[in-house]
Amino acid sequence: RMFHDDELEESEKFYVGQPRVLLLIYALYNTLVARSEMVCYFVIILNHMISASMITLVLPILIFLWAMLSVPRPSKRFWMTAIVYTEVTIVIKYFFQFGFFPWNKYVDYTKDKPYHPPNIIGIEKKEGYVHYDLVQLLALFFHRSILKCHGLWDEDEKGDSSSDKEDTDDELSLTGGRRHSSASLKSVNLAASVESIHVHFPEQQTAIRRKSSSSISQLSHRSSFSSHRSKRETLIISHPAIRFFSASYSVVKSHCGLCCFRTLQVYVPIRQFFYNLIHPDYSAVTDVYVLMFLADTVDFIIIVFGFWAFGKHSAAADITSSLSEDQVPEAFLVMVLIQFGTMVVDRALYLKKTVMGKVIFQVILVFGIHFWMFFILPGVTERKFSQNTVAQLWYFVKCVYFGLSAYQIRCGYPTRVLGNFLTKSYNYVNLFLFQGFRLVPFLTELRAVMDWVWTDTTLSLSSWICVEDIYAHIFILKCWRESEKRYPQPRGQKKKKVVKYGMGGMIIVLLICIVWFPLLFMSLIKSVAGITNKPLDVSITITLGGYQPIFTMSAQQSQLKDLNQTGFNAFLGSYRGNTAALQFLEGYGKEDITLADLEGNSNSLWTISPPSREKMIQGLLDFSAEFTVVLSWSIQSIEYKVVACRLEHTQSPRWFVGYCLPAGMCVDCWIKTLETVYPYYIKAPSDSLAKPIKQLLTDCRWENITVSLVKNVSDEGVREWWVLNQLGKRYKTSEESLELFIFSDKVSPPSLGFLAGYGIMGLYASVVLVIGKFVREFFSGISHSIMFEELPNVDRILKLCTDIFLVRETGELELEEDLYAKLIFLYRSPETMIKWTREK
């Protein structure tokens with residue numbers, strides 16, 4: 001061994017021999033130490049999500065626009081800014097907890113108001129006001145200790161400006177540079193001295209120096225300075241404001257000149273920071289677009305399923321119910337369009353590989369999202385951001401997107417974008433994911449058109465789509481050929497029963513289920529998952545001869561009674577031996593039967609006009625004519641559907657035997673029975689038509705009822721109303737009343753109502769036939785595609801497609817045309833295709 005130490009070996013053995021739980025704790029601690037920077041970011045964002053105030057808004061913005069954009073890591077100045085700012089925040093919050101402030105006297109009244117000034121600023125009085133700030137401060141000090149342990153904290157010290165002017169300029173040029181060996185630890189210096197503009201002031205004589213360990217490293221710094229010094233000075237002097245400021249040195253002594261100086265003192269380092277970010281000396285390019293796209297997709301899903309959290313008075317809303325009623329919520333529409341628009345812009349920037357555009361887009365998004373989430377959204381929803389869980393989740397995922405975007409900007413875009421990210425490997429996972437990606441409606445087409453718009457190419461849109469389709473088809477074939485190599489099938493060996501019954505049996509079961517799906521669905525949806533459609537209101541109206549109704553009555557609430565188990569068993573026992581009735585009752589339980597007890601006295605007076613009364617009496621006295629009795633009913637169920645029907649019976653008027661007007665409250669001298677006019681049992685299906693149930697009637701004859709006219713004579717005048725009574729009631733009562741049994745069909749649950757609404761024939765037409773068309777295309781027309789499907793080796797064709805992508809990315813557009821022509825010729829020539837796809 002080149003190096004051997006007994007103590008180290010003993011230490012290693014001791015460490016390996018520890019319990020697994022202890023080793024896991026060690027590993028978690030090491031992970032925490034290695035990612036202490038990300039822990040600080042997470043705690044700061046979490047603190048802002050819970051506090052959601054202006055005082056906690058500063059650090060998240062600095063994270064996404066300063067810390068995460070720093071190369072290779074944030075400088076000491078950022079961490080000191082975060083630590084000092086957190087400490088000041090804790091002091092400010094503590095100071096405003098005292099009760100002598102006027103807004104602290106009504107905390108219970110103002111704590112939920114999003115636009116209350118103390119709530120917006122973050123100085124409201126509350127329990128645990130500083131808990132998360134203390135955790136944030138602890139995380140920052142923990143990261144500071146880690147940096148100190150590795151010697152990355154005190155890497156820069158302030159030096160005296162009286163040293164060599166050239167050294168100072170060179171060192172300041174180094175701070176503006178990027179990714180230079182030992183100097184790469186300092187990425188930004190927002191308080192860099194403005195001596196680089198060649199204007200000196202006595203009070204601004206400090207410059208940032210880098211501690212050098214040896215004269216050799218100092219010489220290496222000098223050699224690297226010379227290559228950047230001219231570019232640095234040209235950049236700074238060429239700025240119009242600085243050129244004007246340098247030419248007017250005397251103005252600096254005035255107050256206006258001092259303000260300009262202070263402004264430039266902040267502006268110049270920030271501008272130089274972003275300039276170095278957009279024009280790096282070198283960049284370790286990376287590609288995290290897929291992760292950014294996934295983050296945007298998760299946010300898109302959160303918007304779709306939690307859109308109610310972004311609107312006003314919509315906490316109980318459901319997107320499916322809103323869309324089924326042809327109503328598009330404004331909050332949902334705006335959020336979806338904005339989210340989809342940002343995804344399109346992000347794709348365009350990725351294809352154009354423009355870091356400047358990505359930086360501008362990042363700045364706009366960071367400020368725009370934070371302004372909207374913490375200042376506009378609380379006013380729209382009328383609740384604080386900290387009380388909106390869905391918005392908090394959306395913001396956290398968006399913060400992940402901001403972090404990935406900052407990492408993409410810092411490293412730079414890749415020089416070549418070749419194919420789909422799902423086509424990098426040839427296995428079953430990539431195969432099924434890629435095919436699932438292609439099944440999403442309009443996603444493949446939208447991606448192809450966007451790629452053609454924002455990629456330099458000489459191909460037309462149709463030719464571009466042709467290449468993409470060929471590449472997708474060849475990739476799928478390549479995956480299948482690789483699977484055949486991994487799991488080879490020996491020649492002359494019959495297929496195993498596991499494969500035949502596994503794959504074939506599954507396909508058989510699937511096809512049978514598709515064919516019989518409507519019948520099974522409509523049968524099981526109501527019997528298994530159906531909901532009882534209880535009636536809420538039952539009304540009956542009787543009309544004689546088309547005149548004004550003589551009787552109207554309704555039953556609600558307590559007048560609608562459910563059958564208990566004893567009553568239901570007795571009801572079934574009364575039909576023992578009646579096959580038709582028992583067959584009908586098999587589909588109903590006691591919870592599906594409702595007994596409506598209707599009062600016999602009409603709830604409205606009979607206010608027929610005298611001419612109509614006389615005409616009605618003449619019609620009734622004409623024994624040779626027929627008179628029509630119309631009985632109608634309506635049932636309102638829990639689905640808020642009114643189901644109604646009416647029956648017309650034509651009877652001889654001989655039953656009307658007389659008409660007298662005795663004084664006082666009395667019943668007329670006649671009480672007549674209307675025979676076979678009353679439907680005792682009503683079926684209330686899920687549609688809009690309630691029908692009588694003839695199977696439960698004796699000899700299929702409706703029940704009889706009696707009608708009588710009651711007259712009341714008083715000082716207020718004569719008042720008349722009709723009284724009805726049912727004969728042969730199951731639950732006999734002494735008072736005049738009507739009984740009506742309602743058999744309610746079960747209805748489908750709301751989640752499956754959109755399918756059940758089509759009915760059996762609708763499901764066959766819209767589901768079975770459409771699926772059958774796709775299945776038929778899979779089983780027919782195979783012979784026409786054999787020359788394109790049965791390719792033993794697709795490596796050369798796949799390489800040709802990849803070469804087209806490669807020369808397009810390198811700008812060789814003429815070669816792109818030649819390779820495309822070669823690909824088209826290959827698919828036009830079966831003989832050449834056979835030569836190209838032979839096994840090697």
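Hi everyone. Let me start with helix 20, which gives the most to the lining of the largest pocket, with nine residues. Please keep in mind that this is a predicted model.

So, the pocket itself. The largest pocket has a volume of about 1,900 Å³.

How many cavities of 30 Å³ or more does a search of the whole structure find? There are 17. The largest cavity comes out at about 160 Å³. Helix 20 (461–486) turns up again here: along with helix 15 (330–352), helix 19 (443–453) and helix 29 (795–809), it supplies at least two residues of the lining. The largest cavity has 15 lining residues, with Val417, Gly419, Asp451, Glu468 and Arg808 nearest its centre. By class, that lining has six nonpolar, three polar and six charged residues.

Last, a word on confidence, for anyone thinking of working with these coordinates. The chain has a mean pLDDT of 78, and 78% of its residues reach 70 or more. Residues 639–644 stay under 50, and the model gives them 23 contacts beyond four places in sequence. Residues 650–670 are also below 50, with 58 contacts beyond near neighbours in sequence.

Definitions and conventions:
Residues are numbered from 1 along each chain as its sequence is written. This is a predicted model: local features need pLDDT of at least 70, side-chain atom pairs count only at pLDDT 80 or more; totals for chains, interfaces and linings use all residues. Side-chain values use heavy atoms; hydrogens and water are left out. pLDDT is the predictor's confidence in each residue, from 0 to 100. Contact means heavy atoms within 4.5 Å. On a 1 Å grid over the protein atoms alone, a cavity is a set of points where a 1.4 Å probe fits but cannot get out, and a pocket is an open set with protein on both sides within 12 Å along at least five of seven lines; lining residues have an atom within 4 Å of a point. Grid points are joined across faces, edges and corners, and a volume is the space filled by probe spheres set on the points. Helices (H or I, at least four residues) and strands (E, at least two) are DSSP runs, numbered from the N terminus. Ala, Val, Leu, Ile, Met, Phe, Trp, Tyr, Cys and Pro count as nonpolar, Asp, Glu, Lys and Arg as charged, and the others, Gly among them, as polar.
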